[in-house]
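Colleague: I am new to this structure and would like to go through it with you. Could you put it on the screen?

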Amino acid sequence: MSWQTKLKEWEDAGVIDAGTKARVFEYEGKLKREKKRFPLLVVIGLIFVALAIMSFIAANWQAIPALVKIGLVLLLMWAFYVLADVSERRKIWSPVAFRILGIISFAGAIVVTVQTFHMSQQGTFLAWAVLLMALGHYFLWRHEAYTIVAFIAGINLLTTAGQSVTWLEWALLLAVGLAWFYFSQKPLPQLFSWIFLFGSGVLLWSLVDGYDGVLWAIWTLFALVPLLFLIKDEEARKKFVPIYLFVGGAASVVYLAVRGGTEDWTVDMSYYESAALLLVALAIGYVGYRWFKPLLWLVPLGLFGFALYDDTAIALAAIIEIVAFAFLIYSERKDHSLVMPFVYFIAVQMAIYFVYAWDRLDMSLFFLIGAIIVFLLAGIAWWLRRRREGATT
Amino acid sequence: MKRYLFPLIQTLIVGLVVLAFFAISWFGDSYRFRAEPYDPFNPVYGEFVMLQYPDLTPGAGVEEGTVYVTFKEGDDGYAVIDRISNERFLGSTKGDYYDKLVRVPQLEQYYVEQGTGKGYEDAKDLEVKADVAPWGAIRPRHLDVRSE
């Protein structure tokens, strides 16, 4: 229900008078005029329309001479930048949207060039070019919309680089990701660059010869902890920590599901790696203890190296179950938001249930008991919420 | 000039890419490759024919996986492999060797006029004229139905 309808309802019920209602309307109207937010969906829509046009033109342009074709797309690109300039000077339309169209035209020019010369589009050149240009736009104009383009190009780059990444390219990925993270110092670009760095970190493990282990997700997560110290603003730092917990939690459920669900576990593991992981986890624990308390929740991930040896996956399930329960209780006691702890708790229960019950139960019984568990968990959530509401009123 | 810095850089980048392609023809040798289509086109990226090359078969002693090749003209006028190795060497082109054939990514797709892709795919016997640079880059220039 919109707040306008709600206000009307309150006025009718005599909760507020007509004057209050009018004042709320006036205030909200002013607020809306002040923060003219950039329509994200419009940007994304524009991106797709432009891409579709580019691809359509490129497909039909075989008859036109190569250089003319490329020149026309470049002309289009320049037109967008001129329009951006005009719109900035006259304060009409949106210069940002035009510049984004400019970047997309640039990508289009490369695609047309590549197609004209019959080159395969599997290389990372296009993604690199768009990523660097979009980041350049961001650092020149400091508008977050450019980082959305950079992020899309970055993800594209990581997926195209994939298994064929070289050491040089990996070093470049890392350098760009770090620069992006350090020099932006804003939540959204930092979140994007964090995800980009995590993806780059994961690529490293296909690069290292002879590494066939499975602990790379935890290693990568741990390796990113020092990034927190690159965030200059204290408050922003604290707000960034939950990302680590989120990824750590998701990873733990995936490990449990995979380990519990795999019958013949042939993964290369070593006690040295497991021990090293535990040591690093303890170091992360120290960092958490000194500076970021919530990071202490990542320490149990250090036990995964050893827990994965267990074929029944019971040790793994036990660790995760205890952590999920403790996290839930802790968040409840500390009056923190319960959304993340509860979603994690439910995910863990479901993973454990699937791992241990799927093969042992008849299909109908499996779903019956599953439904009862979900019902019970929902009941607990309801009870917790009621208790909390009861405490505040 | 800050407002036009990026269009300028971006134009230069595209210019360099174009120049790199032309340089292949300026400094490279031309070859004719015997080709055959093997996969339907992808309409999202524009219409092209996926090509494989029946003459590009390596001799013994080469392992499947990444290979590096150079070309020479065979007795019948079509290009064959001159030298092939699993290790990179000067002037070589990177490719993949699997399923009896060497596949060179730079020769794999050829963009054709809208609506003509099917014709090439049905013709089966095709030939590609391509320039190969001394540094291994390849620029396909012409796709035609083979007349033998």
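Colleague: Which pattern does chain B follow, read along the sequence?

Modeller: Chain B reads α-β-β-β-β-β-β-α-β-α-β-β along its sequence. That comprises 3 helices and 9 strands, where helices (H or I, at least four residues) and strands (E, at least two) are DSSP runs numbered from the N terminus. Please note that this is a predicted model, in which local features need pLDDT of at least 70, side-chain atom pairs count only at pLDDT 80 or more, and totals for chains, interfaces and linings use all residues. Residues are numbered from 1 along each chain as its sequence is written, chains are lettered from A and ligands numbered from 1 in the order in which they are written, and side-chain values use heavy atoms, with hydrogens and water left out.

Colleague: How many helices and strands does chain A have?

Modeller: Chain A has 16 helices and 0 strands.

Colleague: What do the C-alpha traces span along their principal axes?

Modeller: The trace of chain A spans about 75 × 65 × 50 Å. For chain B the figures are about 60 × 40 × 25 Å.

Colleague: And what share of chain B is buried?

Modeller: Of its 148 residues, 50% count as buried; buried means under 20% relative accessible area, exposed over 50%, and partly exposed in between (1.4 Å probe, protein chains only). In chain A, buried residues make up 44% of the 393 residues.

Colleague: How much accessible surface does chain A have?

Modeller: About 21,400 Å², with 69% belonging to carbon and sulfur atoms. Chain B has about 7,800 Å², and there the carbon and sulfur share is 53%. These areas come from the Shrake-Rupley method with a 1.4 Å probe; for residues, only the protein chains shown count as cover.

Colleague: Let us turn to helix packing. At what angle do H9(A) and H10(A) pack?

Modeller: Helix H9 (residues 187–207) and helix H10 (residues 216–223) of chain A pack at about 135°, and their axes are 9 Å apart. That angle makes H9(A) oblique to H10(A), because angles under 35 degrees count as roughly parallel, over 145 as roughly antiparallel, 65 to 115 as roughly perpendicular and the rest as oblique. Axes are lines fitted to C-alpha atoms, for helices over the stretch in contact, and angles run from 0 to 180 degrees between N-to-C directions.

Colleague: Which residues make the contact?

Modeller: From H9(A), A:Trp194, A:Phe198, A:Gly201, A:Val202 and A:Trp205 take part, and from H10(A), A:Trp216, A:Ala217, A:Trp219, A:Thr220 and A:Leu221. Contact means heavy atoms within 4.5 Å.

Colleague: Now another pair. How are H11(A) and H14(A) arranged, roughly parallel or roughly antiparallel?

Modeller: H11(A) and H14 (residues 314–333) of chain A pack at about 150°, with axes 10 Å apart. They are therefore roughly antiparallel to each other.

Colleague: Which residues meet there?

Modeller: A:Leu245, A:Ser252, A:Tyr255, A:Leu256 and A:Arg259 of H11(A) meet A:Leu316, A:Ala317, A:Ile320 and A:Phe327 of H14(A).

Colleague: And A:Val253, is that residue buried or exposed?

Modeller: A:Val253 counts as buried, at 17% relative accessibility. This residue is found in helix H11 (residues 234–261) of chain A.

Colleague: What does A:Val253 touch?

Modeller: Leaving aside residues up to four places away in sequence, A:Val253 touches A:Tyr344, A:Ala347, A:Val348 and A:Ala351. Its C-alpha atom is separated by 9.1 Å from that of A:Ala317, 64 residues apart along the chain.
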